[in-house]
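Here is a friendly walk through one structure, with the cut-offs spelled out along the way. Have the coordinates open as you read.

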Amino acid sequence: MRPPILLLKEGTEDSQGKSQLLSNITACQAVVEAIRTTLGPRGMDKLIVDSRGTATISNDGATIMKISDIIHPAAKILVDIAKSQDAEVGDGTTSVVLLAGEFLKQVKPYVEEGVHPRIIIKALRKGLKIAQDRIDQIAYKMKFNNDEEYRAFLQKCAATALNSKLIHQEKDFFSKIAVDAVLLLDELLPLNMIGIKKVQGGGLQDSQLITGVSFKKTFSYAGFEMQPKHYKNPKIALLNIELELKAERSNAEVRVNTVEEFQKVVDTEWNILYEKLEHIYKSGAQVVLSKLPIGDVATQYFADRDMFCAGRVVDEDLKRTMKACGGVIVATTYDLNDSVLGRCESFEEKQIGGDRFNIFSGCPNAKACTIILRGGGEHLLDETERSLHDAIMIVRRTVKNDSIVAGGGAIEMELSKVLRDYSRSIAGKEQLIVAAIAKSLEIIPRQLCDNAGFDATNILNKLRQKHAQGGEAFGVDINREHVVDNFENCVWEPVIIKKNALAAAIEAACLVLSVDQTIKNPKSGGGEEQQQGRGRGRPM
């Protein structure tokens with residue numbers, strides 16, 4: 001009898017074959033069960049407490065998936081597609097996870113019956129192509145006569161994204177802010193030129209959009225109140241220099257024999273600081289921003305010369321100011337001249353709520369804006385920021401690609417009808433798989449009904465009837481527990497959301513199905529503790 005050959009380290013988990021594939025599918029379904037109730041305008045919120053005790057309240061699929069510490073390797077694939085959907089499009093993160101989980105659920109019986117995963121994967125990819133071709137056929141490219149119509153169209157797309165958020169009651173207000181913010185940017189629509197700052201207190205309606213760069217006033221020393229708080233056409237110095245005296249004992253060791261020699265050292269330090277300050281003053285800069293601290297001596301020096309200064313400015317804010325106002329962040333005061341100074345039309349310091357903000361407006365180099373969010377509590381502000389981010393991403397995508405389809409489960413029902421019709425025209429095992437995809441797509445309108453407390457079976461039957469009669473834009477009417485033409489109802493979604501969500505969900509399902517073996521190595525240090533050798537002072 002031959003001895004067994006060990007290839008893997010002791011303690012390694014090795015599972016393969018049909019059982020482990022079914023186990024992976026079950027794990028993915030468990031993830032879907034956790035977030036399915038968050039879908040749509042009537043979706044519920046989740047309260048998640050992380051390992052540090054920080055609580056987060058959200059119904060955003062990507063946020064829930066990121067914070068939830070999912071350890072199952074197959075289930076992590078769903079986390080990845082939620083993150084990619086959030087990064088690529090900004091919305092549809094719950095939908096993409098639901099679709100991927102439902103595809104796997106519907107093909108699970110065929111895996112159990114012995115259908116080869118490769119046949120299922122081939123049918124899934126064929127179904128995806130047919131679905132995407134149908135989306136292109138029924139997508140509507142909007143035509144506008146003037147800017148007002150275009151702005152109203154973008155606001156409706158943003159409002160659809162905000163419908164399912166915690167702040168849906170203020171969707172008109174925030175969709176206008178999101179559209180105004182995106183249209184202020186240049187043609188590349190850089191997301192990092194939109195700053196979002198949160199100020200506790202006040203109501204959501206007190207939130208405002210500031211044209212230009214704005215950030216919270218940094219820590220300042222005595223003498224700060226003597227500085228002017230408003231400038232017209234100022235020159236801005238952007239520094240990475242510390243403008244304060246160092247404590248001698250902590251930074252250097254100087255041996256002196258007389259008091260006069262010690263005084264020379266102290267005088268030299270003061271002279272170095274004053275020389276830096278004089279260079280900044282002579283450069284003509286009126287506003288001085290530094291990433292490092294600006295001490296009390298420098299603050300008083302600038303105040304005496306009617307200059308404004310702010311130290312310890314956050315790196316992100318300093319870079320946004322540089323991109324918007326021009327100039328260069330410098331690490332020495334010797335090269336300060338007009339070519340490295342930034343400019344803007346006006347600078348002011350303004351009180352907003354309990355905080356003071358530095359606001360640069362009329363920035364010549366790049367178009368930038370800052371959204372200041374107001375609200376009662378920290379959790380509400382965090383969720384408002386996430387919701388607004390989704391709306392801004394949708395508006396950006398719609399500006400670049402203005403084709404839209406009807407939302408509210410309408411497009412999924414239409415694709416389901418097309419795939420079901422196609423499945424009847426082919427023979428073999430693929431017919432069953434394509435029919436399973438068609439059934440899977442109904443999960444979106446079904447879940448919208450379930451989350452709203454409607455009779456899902458009744459409404460889905462009505463939707464099937466309408467789509468069979470050619471009503472391709474009919475979806476769920478959340479307000480009246482009925483079906484409605486969602487195109488006329490102004491529930492619109494950019495084509496790119498649906499195409500991206502379908503592609504990501506199908507790819508995730510194919511990835512899970514293509515895995516036939518899972519090898520899990522033992523955690524380092526999880527096995528027997530290594531015997532420690534005798535070291536210095538260590539007993540035997």
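Is Tyr-140 buried, partly exposed or exposed? With a relative accessible area of 41%, Tyr-140 is partly exposed; buried here means under 20% relative accessible area, exposed over 50%, and partly exposed in between, with a 1.4 Å probe and protein chains only.

## Ground rules

This is a predicted model, in which local features need pLDDT of at least 70, side-chain atom pairs count only at pLDDT 80 or more, and totals for chains, interfaces and linings use all residues. Residues are numbered from 1 along each chain as its sequence is written, and side-chain values use heavy atoms, with hydrogens and water left out.

## A three-stranded sheet

Strands E4, E17 and E20 form an open sheet in the order E4-E17-E20, with antiparallel pairing. Helices (H or I, at least four residues) and strands (E, at least two) are DSSP runs numbered from the N terminus, and two strands pair if DSSP finds at least two bridges between them. E4 (residues 140-141) is joined to E17 by two bridges, and Tyr-140 stands opposite Ile-404 in E17. Three bridges join E17 to E20 (residues 492-494), where Val-405 stands opposite Glu-493. Because E4 and E20 stand at the edges with a single partner strand each, one side of each is left without a neighbour in the sheet.

What happens on the two faces of E17? Both are covered: in this strand (residues 403-406), Ser-403 and Val-405 are buried on one side, and Ile-404 and Ala-406 are buried on the other. In a regular strand the side chains alternate between the two faces of the sheet. Helix H6 (residues 147-162) packs on the sheet and touches E17 and E20, contact meaning heavy atoms within 4.5 Å. The direction of H6 makes about 95° with that of E20; axes are lines fitted to C-alpha atoms, for helices over the stretch in contact, and angles run from 0 to 180 degrees between N-to-C directions.

## Aromatic pairs

The structure holds 13 aromatic pairs. Rings of Phe, Tyr and Trp (its six-membered ring) pair if their centres lie within 6.5 Å; planes under 30 degrees apart count as stacked, over 60 as edge-to-face and the rest as tilted. Tyr-140 and Phe-487 make an edge-to-face pair, at 5.5 Å centre to centre and 85° between the planes. Tyr-140 lies in E4 and Phe-487 in the loop between strand E19 (482-485) and E20, so the pair ties together parts that are 347 residues apart in sequence. Phe-487 is partly exposed at 23% relative accessibility.

Phe-308 and Phe-347 form a tilted pair, 4.7 Å centre to centre with 55° between the planes. Phe-308 is in strand E11 (residues 308-310) and Phe-347 in strand E14 (residues 346-352), 39 residues apart. Phe-308 is buried, with a relative accessible area of 0%, and Phe-347 is buried at 0% too.

## A charge over rings, and the cysteines

Which rings does the charged end of Arg-305 sit over? One is that of Tyr-281, 5.7 Å from its centre, and another is that of Tyr-301, at 3.6 Å. A charge sits over a ring if NZ of Lys or CZ of Arg is within 6 Å of the ring centre and within 35 degrees of the ring normal.

The structure holds zero disulfides, a disulfide being a pair of cysteine sulfur atoms within 2.5 Å. For Cys-363, the nearest cysteine sulfur is that of Cys-325, 3.7 Å away. Cys-363 is buried at 15% relative accessibility, and Cys-449 is buried at 0%.
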